[in-house]
Amino acid sequence: MAEYFKLPCFNQQNYVEIKLPRSEGSAGTNHANDGNGTEIICCVDTSGSMAGSPINNVCEVLRDIYQRTQKDYRLFTYNTQTDTKRTLKTLFEQNTNLQASGGTAFACIFTSIKDYLLQNSSSKKATTFIFMTDGQDNEPNSQALKKSIEMLKLILSGMTNSPPITFHVIGFGEVNDQFLNQIRTFGTRQGLFRYSTESKELQNNFNDMFEYALNVREFIIKFSNGKTYTANSIDNETVGFLTNDDDDLTSVTELTLTDDTKTTTNLPLTQMTNIRAIHLLRALNLISPQNEEHVKSIQTYLNTIQVTHSKNIMERLEAEQIHQEIDQRMMEYRQIFTQLKMNQVPERVKLQLSALRHDAVFANTQRKKKLDLRVNKNADYFKKTDISGILQGYKDSITPGTWQMIKEQKQEWVDVYSNEDIYEIMRKSPDNILCLGNHCTRKNLFSILVQRSEEAVTNPTKGLKLLNVTNTIISYDSFINAMNVAKNDLQQTQGEFTILNDLYCVAGALSNERINAVIPLYINDEHMKRIRILEGIWLGYLYTLDSYGYDKQQEVAILKLLCEIIQQRTDTQRQKQILFELEKVCKFIIYESQGFKTAEQYGEKTYEKLLNRFVLVNSQEYDLRIPLMIGYLKDNVTSVLLPVYYEYLRQQYQNKYNKRSLETKQIVENLVYGCEAKHQTMTVSTNNRDNITTINSDPDYIEKSYIDYYHDELCEPIQLLKEKINNENQRLIVSDAIEVDYIKSLLLPIPDFINNLLNYCPKIDKDYIDKHLDYAHLRWELLVTFYYLIYSDTNSGALQNLPKEENILSVIDQRLQSGKEHVVDYDYSTENIRLVSYVALNCKTLEGFAGLMRKYCSQCRGPLFTEIFKQLLPPSDDNENDSIAGKITKKDKLIALITNQIPTTTTIKPFYNTKNYQRQSYYDGRMDSLYEFINNNEVTEIQLHHLEKIVVYCRGRSTLPDRKSRKQRLHCYVLF
C-alpha cells in the first residue's frame, strides 16, 4: 500500500509513504537481523593530533560496539602509513588503546581501501566504510594524494553492479568540509556525515554510524510515469520520501518497489485522505532548508501541527519526539545561516551545516531504538516467568490466622473505586495490590502530577518528577482498568503533556483529583509478598507507562520519589500512616532486592563509596536525595548527612567553575598557602673554601678544580665568588593554622532537601551539619574538588588514588611549584668581575675555561660574560698579548665559546650542555667586524644565542654620524 499528499509548505513537495509488504521474500531482508548482511570497516586516524582523549574515546566506543555485536569488524588505522591487520575483536582483547603519533597522509588509507575492494570484489555483502579523521593531509596538493583518489574512484566506477559500497564520514576538530563531503560521495551509494568539536562526542558519532549501517535498507521506487526515486528506511514497516517540486502524482496510479535484495513488488498509489500528525511530521523531517526563509516557513508550519490527538500512544510518542527534534534542528539552522552571512565564514560553520543536513537520519535511528526498548525490554522475561503460579501459591499458603489478621485491617485500607477492602481484594485475586494514587489538581485544565519524560527509559531518576500527592487508596487492577477506559473515551479533556505523560487520567476520590500513577503500600507481610513478585510490573508502568518497561535503576529512582513525597507531606495522621507503609516497601527494596544491590548506577555500591568519600565519576548526575533516603531507611541519617553535604558542594562547584581557570587556581592556592600568603625569598650564602692568597699563589690548582667541574658538575670547584641561592616565588604551606574564615566563605547554604529531612526527623538536631563540620577534613574535600576535579581535570583512573588528608597539601604544593627552581646568583661587583675574568683569560686549557664559564656565566649573558667576551676580542694571533698561558689562545677560547665545541684528540665535547653545536667556519673576518661593531656602539651588555644561526645581542649607544639620539639601543648581530 502506498499513499501520498502534497506538503503545504514553501516547496509544495509530495510526500509518499509506503507500507512495506510482509511477504516471505522481504520479511528478512534487514541486514541487521542476520548480522552478516553488511561488512563494516572502521578507518581511524591515528596521527599525533589524535593523542590523548580523542583516541581513547574512539577505542572505548569500538570495544563497546564489539561487546554488543560480537562481530569481528575490520579496523584500518592510518597516519602516514596504514595498518589493516587489526579488528574490533583484537582491540577488545588487547585492552590497550591505539597509539597516536606522526602526520597524516590520506593517500595511504585510500590505497589500502582500494586494495581491499580489489581483493574482495566477488563479495556478496554490502560494504560500509566509517571513515574518521581529525585533520588535513600534510601535503593536500600532492600528486600521491590525487593519484590515490583517482585510482579509488576508478575501481569504484567498475563496481556499480556489486552490492552497495558506502563511505560514512566522521570529522573532528580542524578538518576541511569540502574534502570530507567528497569522501562521503566516493561509494556507489552516498554516505552520511557527522562532525564534532569535542572528543567525547566521537563515541556518539561512532555509535550512530554503526546503528545506521546495521539497520538501513535501500529501496528503489519507480512510478508508472517512468520517474525513479531512491529512499532509505531503518525499519521493516514503512519507507517515506519526498518527490521533486514539479512532480504531479494525480495521474500516477501505481509504483514498483525494489528492495536491497532485488525483490520487486507492485503497489497501488492513492492520495492519502486521513492525514495525521505523524504523517505531516515524517514529511517535514525530510526537508533540508537551503536558507533562513525556508527555516522560518518550516517553523511556522510546524507550530500548526497538533500532536496530542492520537489515540495510539506509541504513535503519539513518536510524533512528539519528531516534533521536538525538528524544532531544535531548525533553531540550529537559523544560527548557522546567520553565521554564513559573515564575509569570512569559519570552516567550523560549514562543517556544522553539512552535519546538520544528515541529523534527521540519525535522529530517526535513535528514536526507533528507544521506542523498541520501551516495548520489548522485558517481554521475554515476563513471558517465561510463571508469575500467576507463584502468586497463587502464596495465596494458597495463607493460614486462617493470617486471614483473620488481614480482615482486621479492612476498615483502614479500602479501594476508592471498587469499594473493596484489603481483605476482599486479597481473597478475590492473587495478583491485585493496594496502592497510593498520585494525582493532579484541576484548575482551568488539569496538570499531571507525575511528570514523565522519554529519559525515564534510560535514566529513571531524571525522567520522573512528582508534582503532588494525596491520601487516595486505589487497587492496581482498578487503576489499570480505569486508565484503559479513559484511553477509549474520545470526550476526555486533553491538555499539554511531555513526551511520556499519559494523555489520560483517572478521577480520584475528590472532585478535583486526577490519578496517573500508583505506588504500592506494605500493609501486611502477605500483601508485601505480592508487591515483591509484581515489582517489575508496577515499577515498569510507573516509569515508562509500559508493564514490560522495568529496569533495576527504577528501584534506585523510587527512593528519590519517596523523598519528594516526604517533602510534600501534610503531616496529617492518615498521611503519616500511608508514608509509614510506603517506607516499609522502600526498606524492603534496599535490604532485600537484588535489583537495587546490583544496579550499575547509584545503588548500594555508590552509597558505600559516598560514605567512604571516594570520588564519584560523573557525580553531577547523582541525585543526592537517593543516598539521603538510603541512610534514612537504614536508620543511619547522621552518618550520611555530612558526606551528602560535601558531595553537594562538589556538584555545585563543578557546575560553577571552569576547568583550568585562573579563578580556580587562586582558590587552590588560598587553601594551600592561605589568603594572605606572600612569596617567600630565601637566600643562602656560601663562604669561599680558599682565600685570595691561595688563588693567586696556585692558579693551576684552581683551574684543575674547574676542569673536574667541567667533566662532572657534582664536583665542587674552588669558590671565586659567594653563591646566593634564591628560592623566588616559593610559598609556604599553611599546615599548622587553618584559615577557617576563608573555608567558611566557600560553604554553601544547606540545601532544602536536607533541611526537609531534618524537619521530618525530630530526633536529629537541625544544626547537625554546622555543629559537626571538621574544617581540616573540609579542606581536603575542597582541595579534591577544586584542584583534582576542576583545575586539573583529573581522569577517572587517577581519581581512585588521591592523596590522603595528611599529605594532600605537600602533594599539591609540589605540583604547583614544580616549575619554581633554585636560582643561583653571584655578587658581580667590579672587583669580582676583574677577579673571575683574570682567571678565565689565564686558563691554560679549554676544559678549565669552559668549567669556569659554566659556573659563573651559564646563561651566556650578564656583566661578567660581557667583560670576558670583550676581552677575547680581537682574536688575532699576531698580537703579542694574544697568546696567553701557552698554546691556548684567546681565539681558541672565543671559537669554543661561540661554536659550543671543545675539540679533543678523540671527539668533540660541548662547551655548554644546554646549547646546540655550531659548525666550524672561517671566523677571522667576522670577528674583526664584530669587534668594530661592539666598539662603534659602545656596547655595555652582550648575550650569545646558539640558534640556527649564531646571534650576538648587544645593548649600547650608536656612534654613527647619522644617529642623533644617544639612548641605549638593543642591537642584533648575526655572526654566522
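Start by selecting residues 38-45 and 74-78 in this predicted model. These are strands S3 and S4, which run parallel and are joined by 5 bridges. To see one of the pairings up close, show Cys42 and look across to S4, where Leu75 is its bridge partner.

Now widen the selection to the whole sheet. S3 and S4 belong to an open sheet of 6 strands, and if you walk across it you pass S5, S4, S3, S6, S7 and S8 in that order. The pairing is mixed. As a reminder, strands in a sheet pair through backbone hydrogen bonds, in either a parallel or an antiparallel way.

Next, colour the two edges: S5 at 82-87 and S8 at 193-196. Each has a single partner strand, so one side of each is left without a neighbour in the sheet. Then look at how the strands sit against each other: ignoring direction, neighbours in this sheet are turned by 20° on average.

Last stop: a pair of helices. Pick H8 (residues 277-284) and H9 (residues 292-302), whose axes come within 11 Å and cross at roughly 170°. At an angle over 145 degrees, H8 therefore counts as roughly antiparallel to H9. Sorted by class, that gives 6 nonpolar residues, with no polar and no charged ones.

Note on methods. Residues are numbered from 1 along each chain as its sequence is written. This is a predicted model: local features need pLDDT of at least 70, side-chain atom pairs count only at pLDDT 80 or more; totals for chains, interfaces and linings use all residues. Side-chain values use heavy atoms; hydrogens and water are left out. Two strands pair if DSSP finds at least two bridges between them. Helices (H or I, at least four residues) and strands (E, at least two) are DSSP runs, numbered from the N terminus. Axes are lines fitted to C-alpha atoms, for helices over the stretch in contact, and angles run from 0 to 180 degrees between N-to-C directions. Angles under 35 degrees count as roughly parallel, over 145 as roughly antiparallel, 65 to 115 as roughly perpendicular and the rest as oblique. Ala, Val, Leu, Ile, Met, Phe, Trp, Tyr, Cys and Pro count as nonpolar, Asp, Glu, Lys and Arg as charged, and the others, Gly among them, as polar.
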